[in-house]
Structures are given as structure tokens and as C-alpha cells.
Amino acid sequence: MTIVIGFEGSANKIGIGIIRDGEVLSNPRRTYITPPGQGFLPSDTARHHRAVILTVLKEALEQAGLKPADIDCVAFTKGPGMGSPLVTVALVARTVAQLWGKPLLGVNHCIGHIEMGRLITQADNPTVLYVSGGNTQVIAYSERRYRIFGETIDIAVGNCLDRFARVIKISNDPSPGYNIEQMAKKGSQYVELPYTVKGMDVSFSGITSYIEEAAHKMISSGQCSAEDLCFSLQETVFSMLVEITERAMAHCGSGEVLIVGGVGCNLRLQEMMGVMCKERNAKLFATDERFCIDNGAMIAQAGWEMFRSGQVTELEDSWITQRYRTDEVEVTWRD
Amino acid sequence: MALEKSMAAIPEFLSKAELLKQGAEARVYRARFLGRPTIVKERFRKQYRHPLLDEKLTHRRTVQEVRSVLRCRRAGISVPVVYFVDYSSHSIFLEEIVGSSTVRDHIASSPPSARCEGLEPLAERVGQVLARMHDEDVIHGDLTTSNMLLRCGPEDGVSELFLIDFGLSYISALPEDKGVDLHVLEKAFLSTHPHTEALFQRLLKSYAAASKKSSAVIKKLEEVRLRGRKRSMVG
Ligand SMILES: Nc1ncnc2c1ncn2[C@@H]1O[C@H](COP(=O)(O)OP(=O)(O)O)[C@@H](O)[C@H]1O
Ligand SMILES: [Mg+2]
């Protein structure tokens, strides 16, 4: 029996989760929510995380019904993400590991998403679409690496959605993406927007500048409603994502798709991906907001796999990094 | 009516053809057309996307594919001959490259030990063909080893390399566009075929030697790579 606690705080969520051999014992989380029109800045986000992290830690232990002595390993997010929130959370992880006398493990955030998705859905060897505020990647496993077949060449899809939400002042509570999804259900008119796919790569900077520039004019002139824009933006960017996923599947000969990351809990994206999968007799795996959105259990789960395969991170190596590519990690726990 | 009859003709033709595979965006059939071995590439309607977006993309890609294949052929680059195009069902009838396999399968089936040295002539050939294509200002848009076919020659072992799948292609003389085209290939190549960095370098070297305008393109390629590495991953 191996019990791992995971600390995640690379963006505006702070989460701590505990995993015991594939079972999620607890997974509490808090989100730093900014007013409409505003994004989250690193220093304010770090301050938010500092203020709540010990409360969340207590919750995680209590809900799991465990004492620190029961824990085998302390995992934390090494990167990628925002510098100061990462530092804040790593500091707490290092401190408790020393207090409790437990080994540490620095985990790649993206690998956390993938391993959590695999655990929850039981997908065996899927093509992974990883979509969040900071990342957009199409990934497949081979020869001990999660290899990146496609990715954004500029900004992430979540960043595109967030920036649009800021321009037309959509609420950030619980998240801009969630509110865009709800508004999109009331949209009906399809407005043509720039569509940029390059092989298995995508670009979102063109569509983002276009819609930032045009949104107010289109709405105030009565050409379309804010809901229509939400609808059209989703239809366009999600089509791009489904297209590059399908291209990677055809190229790799894969029959499974797993969607992970914060944007992955969008039901319209899941629905579109499901239709694509049906058209090629493939299987779709997705999870809900508990596990798609950044959380502590995903770091615990990747940490569990790493720890079981013999990895630990020495104290002097327990630094964080804002850039950390998915394919830098040697996957020691899969054949 | 004649129109209805012709509209139904292609689906009926395809219903009798052999479905070879479902590619990245099309169904690929094997058939005989006017007595010749033919590949029919049907960009069927993608139900997941909005009908207006689907129609626009499908039409544009069918047109682009035909256009670039013709342009390459005129320049003497090996591509399949286009026999017939039907824009209502978005189907392209192409010469079948009989007895060919994709470069992807070819590399994957060669033993890991031979993955570098044994494949060097192939890598050089790919570099040369891409240089010619870029010198014609054709940007492929989806360069992967799945979109290159290798037909092994009779006995002497000389094989011919074909480029296919020009749906995302366009015409541009900009070094930036050519650099991105190579970057797309580089990433697809290295993630599909682990431990082939040296092989890919050979490919680039032969590209550089064969293309008239390669120095600006290679410079852009390096810039695009760096941009990728510097990209923020916040959120
Ligand atoms: N002219 C051809 N001759 C032989 N095989 C072909 C030909 N065209 C396509 N194929 C096969 O079909 C696959 C898919 O075709 P492709 O044009 O790449 O369509 P997609 O856009 O769907 O990927 C190719 O990878 C190749 O194996
Ligand atoms: Mg193809």
C-alpha cells in the first residue's frame, strides 16, 4: 500500500489531494477568482495560495482520515506554470516533507493531468488532448515518453477563451470558460471567424486578436449578440482541436482519445470529440471538473506512479521551473 | 434528371469501391477508374463541426489539394496524377501509387540499429524533394512521414518518393511559411520516430544544399523553434 499526497498551485487553483493505490481519498481545492475584465497576476495569486494552503492541507488530511505518519511521499508541482505560485506551494511541500520525514517528488503538471485522466477513465493507451489556460497539446505515448505530436504555436486555447471573456466582461466565477459555455447554449447565429490549423499544430492568436478587435462593434451594431459570439468562438476553436486530434490519431493509428485539462470539462468539446470518434470507430474518454481542472490528486497520482517506479527528488533538486515540456520527463512507470 | 443522376453517381461508385482506410480527414478508397488503379479521396461531411464551417473547409481543401498537386507535377515533383475531381461530393480521383508504403511505415519497420545510417539516403531524398517543392513556393501545410509514399523500384532497389495529401497547402514565397512547414515536419518526425535527431539533421542538410533560397528558410526555422521554447505555459 502506497499513499501519496500531492500539492498543486501552478495557476489560480490551489489543491491538495491524497491517493492510495488508485483511490482518491481526498481532493480539496480553492480558486482565486478575479473581478470581470481582469486576469490573475502572479503575486496576487501567490498571496491567495499562501492565505489558504494550510486550511486546504488540514482538510485534505481530515477528509482522508489520515495522519502525516500514514503518508509515504510528498509530491508537488515542479512546473510548468507561474513562478511565484509555484514557489509558494513547493515551499510548503518541502517544509511538510522535512517535518514529517518523508521523501519529496517534483511532478510535471501536464503528466499529472494525463495520469489522472488514465486513472479515472481507465483509458489504456489514448491519444491525449491536453487543453487548459496555459497549454494546448496533442500527446501520444511511445518508448518511455509522452511525445507531443501537435501543439499551439502561440497561445493556449484557454487563454484565447479567457481573453475574449475579459473583453466582453464575462464573469470569472466559477471560471470564464464555464460562463462562455453557458452563454454559447443561447447563441444560434454562426459568425465566421479565422480558422488556423497547420498539420497537427494550431494557432489561436489570429482568432483572438480578431475577436478582441471586432466583438464590441459586432454587438453594438446589432450584427450579432454576445451569446452568438460565444457560440461561434467555441464552434471554431473546438473544431480546430478536434481536427488536430483526429489527424494525430490517423497518423499514430490510435483508436482512443482522452481529453484532459481545464478546458476539457467543456461538454460541447466533449460532444464534438465524441462525434468524431464515432465516425472512426474510436473511443472517447473524458472526466468532469473535479479531475479535469487543476487539482492536488493529479499530482499525487503522477507522484504515486513515479514513486512506485523508484523515483524521488532530493531536497537540493526540489526547485521549480516555469517552462517544463511534457516530453522532457522520462516515463519510468510504463512499458 | 441528369443532375440528380450525376449527383448519385459518385456515392454509388464509392459504395462498390474498397475502403482502404480512414485518413486524417478523408475516406480513402481503392477502385478502378477508366481501367486504371485509382485512389479516391472523399472528404465526407464532418458531423462534429458547424455545416457552414464544414462546407468552407472541405471545399477549400479539395480545391487546394488539386491545385498544388498540379503545380508540383508541372515542376517535375513526384505526386499522384489527378484523374478526376467532383466538387459536389468533394472527391478527388488520384493515381494509385501501386506497391508503395508510407515513409512512416518504412521507418518504423526498419530495425532500430539501422534507423540512422540505413535510412540516410531516404532522408536526403526527402530533403531534396521538399527543397524543390519550396522553390516552387508550394507550402505543404501537413508534412509528416504519413504523407510521403515510397515506391520501391524493381530489382535495383532505387525507390521513388511521392508527396501526397495537399489539403492544407497554399502558395507562398515567404521564408517564414517555409520555415514553419519544416518545423511542422521536424516535430512530427521526431515524435513519431524516436532517436532520429541525426537522421533529421541529414534531411535538413540536403534540403539546404538543394534549395536556392534555403539560408533564409533555415534561419526562420531556427527562429520558430526558439519561439516554441520561449512560449509561456501559464494557466
Ligand atoms: N495515391 C495514393 N496511392 C497509394 N496510397 C495512397 C494514395 N493516396 C493516399 N494513400 C494512402 O491513404 C492514406 C491517407 O491519404 P491522405 O491523402 O494522406 O488523406 P488524409 O488527409 O485523410 O490523411 C495515406 O497515408 C496513404 O497510406
Ligand atoms: Mg494524410
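1. Start with A:T152 in this predicted model: a polar atom of the A:T152 side chain sits 3.1 Å from the backbone nitrogen of A:D154. For polar contacts, the criterion is a pair of N or O atoms within 3.5 Å; within protein, one must be able to donate a hydrogen and the other to accept it, and residues adjacent in sequence count only if both atoms are side-chain atoms. A:T152 belongs to the loop between strand 9 (145–151) and helix 4 (157–167) of chain A, with helices (H or I, at least four residues) and strands (E, at least two) taken as DSSP runs and numbered from the N terminus.

2. Is A:T152 buried or exposed? Its relative accessibility is 3%, so A:T152 counts as buried; the cut-offs are under 20% relative accessible area for buried, over 50% for exposed and partly exposed in between, using a 1.4 Å probe and protein chains only. Leaving out residues up to four places away in sequence, A:T152 touches A:T136, A:V202, A:S203, A:F204 and B:R231, where contact means heavy atoms within 4.5 Å.

3. Ground rules, quickly. Residues are numbered from 1 along each chain as its sequence is written, while chains are lettered from A and ligands numbered from 1 in the order in which they are written. Local features need pLDDT of at least 70 and side-chain atom pairs count only at pLDDT 80 or more, whereas totals for chains, interfaces and linings use all residues; side-chain values use heavy atoms, with hydrogens and water left out.

4. Now the annotations. An unreviewed UniProt entry gives "binding site" for A:H109, A:H113, A:Y130 and A:D294. They are spread over 186 residues of sequence, yet they cluster in space, with a largest C-alpha distance of 11.9 Å. UniProt positions follow the numbering used here, feature names are shortened, and annotations may be inferred rather than shown by experiment.

5. A:Y130 is part of strand 7 (residues 127–131) of chain A and is buried at 0% relative accessibility. The side chains of A:Y130 and A:N135 make a polar contact of 3.4 Å. Beyond four places in sequence, the residues touched by A:Y130 include A:H109 and A:H113.

6. A:D294 sits in the loop between helix 9 (289–292) and helix 10 (296–308) of chain A. With a relative accessible area of 5%, A:D294 is buried too.

7. Over to chain B: which residues coordinate the magnesium ion (ligand 2)? B:N147 (OD1) and B:D165 (OD) do, at 2.1 to 2.2 Å. Donors here are N, O and S atoms within 2.8 Å of the metal (3.2 Å for Na, K and Ca), and water is not among the atoms, so sites may look incomplete. B:N147 and B:D165 are 18 residues apart, and both are buried.

8. Ligand 1 has 18 residues around it, and B:A24, B:K41, B:E95, B:I97 and B:D165 come nearest; near means a heavy atom within 4 Å. One of its nitrogen atoms is 2.9 Å from a backbone N or O atom of B:I97. On the oxygen side, a polar side-chain atom of B:N147 lies 3.0 Å from an oxygen atom of ligand 1, and a polar backbone atom of B:S146 is 3.1 Å from an oxygen atom of the ligand.

9. Last, helix 5 of chain B: 15 of its 18 residues are buried, so the helix is largely enclosed by the rest of the structure.
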